[in-house]
Amino acid sequence: MRRPIVVGNWKMYTRAADALMLTTAIRNGTSRLNTEVVLCPPAIWLSESRSIIGKGKIKLGVQNMFYEPEGAYTGEISPLMVKDLAEYVILGHSERREFFGEKDFDVNEKVIAALHTDLTPIICIGEKKREKLPKQPLHQLEEALQHVPKSKYDRVIVAYEPIWAIGTGENADPEYTAKVITFLREIGLAKTPVLYGGSVKSSNVAGYARRPEIDGLLVGGASLRAGEFIKICEIWSHVKHFRE
Ligand code: PGA
């Protein structure tokens with residue numbers, strides 16, 4: 001179902017004390033907002049974050065997982081393990097594709113496993129270089145959704161993250177982003193939340209929030225500073241709520 005969502009991807013940052021402090025501050029700072037807030041800390045801190053959040057509104061996710069339910073796969077985390085502590089899983093992030101050789105096939109297997117386990121996959125797609133209307137995100141999305149019946153498309157989240165915008169400070173223009181998202185939705189994503197990610201910060205967030213095509217954000221660097229992330233969530237919640 002489409003709804004306002006802000007996801008924080010902490011990547012491989014934070015030590016135990018930072019994770020504790022960040023989770024607590026974000027829990028306190030976002031409790032009254034009208035937007036779904038999802039934190040994706042490193043998996044090793046998930047238990048701590050879970051106990052801080054308790055039955056609060058914030059949701060938890062992981063940044064990756066394997067698709068097998070269990071087995072001799074040293075170092076991997078299974079969907080069933082994730083399910084014990086979290087509800088979301090980021091899949092196919094460009095850093096997974098670039099540094100760990102993840103292919104569209106792997107992403108597809110993981111999407112299927114997530115849905116099978118009742119986890120919400122956040123499928124990341126995005127083109128390497130600036131283009132007028134990039135084809136790669138659509139191709140990646142179609143591959144990620146292979147064998148997933150259209151009736152289940154409202155149970156996934158799509159994150160459009162142009163690679164050239166990730167961690168570069170060069171965020172994509174909101175109008176351009178809205179155009180790409182409209183193009184992506186044509187494969188049957190009318191009810192699917194679609195997020196934007198790439199150098200989002202509190203000073204550029206309003207431009208995205210005002211576009212009805214964009215349901216939410218996937219925030220990397222700026223999600224590691226509690227004050228900045230809370231501000232992003234506040235703006236998202238206020239602008240989206242005001243528009244309704
Ligand atoms: P960024 O990262 O906000 O630091 O650009 C976004 C992401 O990688 O999900």
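The legends below describe close-up views of a predicted model.

**Figure 1. Helix α2 and the residues it buries.** Helix α2 spans residues 46-53, and its buried residues are Leu46, Ser49, Ile52 and Ile53. Seen along the axis of α2, these buried residues fall within an arc of 125°, so they line one face of the helix. An α-helix has 3.6 residues a turn, so residues three or four places apart point the same way. After α2 comes Gly54, which has a positive phi near 55°.

Figure 2. Helix α6 is made up of residues 136-144. Pro137, Leu138, Gln140, Leu141 and Ala144 are its buried residues. Around the axis they cover an arc of only 165°, which puts them on the same side of α6. The elements that cover the buried residues of α6 include α4, α5, β5, β6 (157-160) and α7 (174-185).

Figure 3. In soluble globular proteins, nonpolar side chains tend to be buried together. The largest nonpolar core of this model has 63 residues. The members that touch the most others are Ile26, Leu141, Leu145, Tyr196 and Leu217. Helix α9 (residues 226-243) gives the largest share of this core, seven residues. A second, separate core has twelve residues, among them Val38, Cys40, Ile90 and Leu218. Which residues does Ile26 touch, not counting residues up to four places away in sequence? They are Trp10, Val37, Leu39, Ile58, Ser223, Ala226, Phe229 and Ile230.

**Figure 4. Ala172 in its loop.** Ala172 is found in the loop between β6 and α7. Is Ala172 buried or exposed? Its relative accessibility is 0%; a residue under 20% counts as buried, and therefore Ala172 does. Leaving aside neighbours within four places in sequence, the contacts of Ala172 are Pro162, Trp164, Ala165, Thr177, Tyr196 and Tyr208. Gly197 is 25 residues from Ala172 in sequence, and their C-alpha atoms are 8.8 Å apart in space.

**Figure 5. Two residues other than glycine with a positive phi.** Most residues other than glycine have a negative phi. Thr14 is not a glycine, yet its phi is positive, at about 85°. Thr14 lies in the loop between β1 (5-9) and α1. The relative accessible area of Thr14 is 18%, and buried means under 20%, so Thr14 is buried. Asp118 also has a positive phi, near 70°. The loop that holds Asp118 runs between α5 (104-116) and β5.

**Figure 6. The largest pocket.** What volume of space lies in the largest pocket? The value is about 730 Å³. The lining of this pocket has 26 residues, and those nearest its centre are Lys11, Met12, Gln63, Arg96 and Phe100. Helix α4 gives the largest share of the lining, four residues. By type, the lining residues of the largest pocket are 14 nonpolar, eight polar and four charged.

**Figure 7. The second largest pocket.** The volume of the second largest pocket is about 210 Å³. Of the 19 residues that line it, Gly167, Ser199, Val200, Gly220 and Gly221 lie nearest its centre. This lining is made up of five nonpolar, ten polar and four charged residues.

**Figure 8. A cavity inside the model.** Rolling a probe the size of a water molecule over the atoms shows where empty space is left. How many cavities of 30 Å³ or more does a search of the whole structure find? The search finds one. The volume of the largest cavity is about 40 Å³. The residues that line the largest cavity are Gly92, Ser94, Arg97, Cys124, Ile125, Gly126, Gln140, Glu161, Ile163 and Ile166. Two or more lining residues come from each of α4 (94-100) and β5 (120-125). Four residues of the lining are nonpolar, four are polar and two are charged.

Technical notes
Residues are numbered from 1 along each chain as its sequence is written. This is a predicted model: local features need pLDDT of at least 70, side-chain atom pairs count only at pLDDT 80 or more; totals for chains, interfaces and linings use all residues. Side-chain values use heavy atoms; hydrogens and water are left out. Buried means under 20% relative accessible area, exposed over 50%, partly exposed in between (1.4 Å probe, protein chains only). The arc is that of the directions from the helix axis to the C-beta atoms. On a 1 Å grid over the protein atoms alone, a cavity is a set of points where a 1.4 Å probe fits but cannot get out, and a pocket is an open set with protein on both sides within 12 Å along at least five of seven lines; lining residues have an atom within 4 Å of a point. Grid points are joined across faces, edges and corners, and a volume is the space filled by probe spheres set on the points. Ala, Val, Leu, Ile, Met, Phe, Trp, Tyr, Cys and Pro count as nonpolar, Asp, Glu, Lys and Arg as charged, and the others, Gly among them, as polar. A nonpolar core is a set of buried Ala, Val, Leu, Ile, Met, Phe, Trp, Tyr and Cys residues joined through side-chain atoms within 4.5 Å. Contact means heavy atoms within 4.5 Å.
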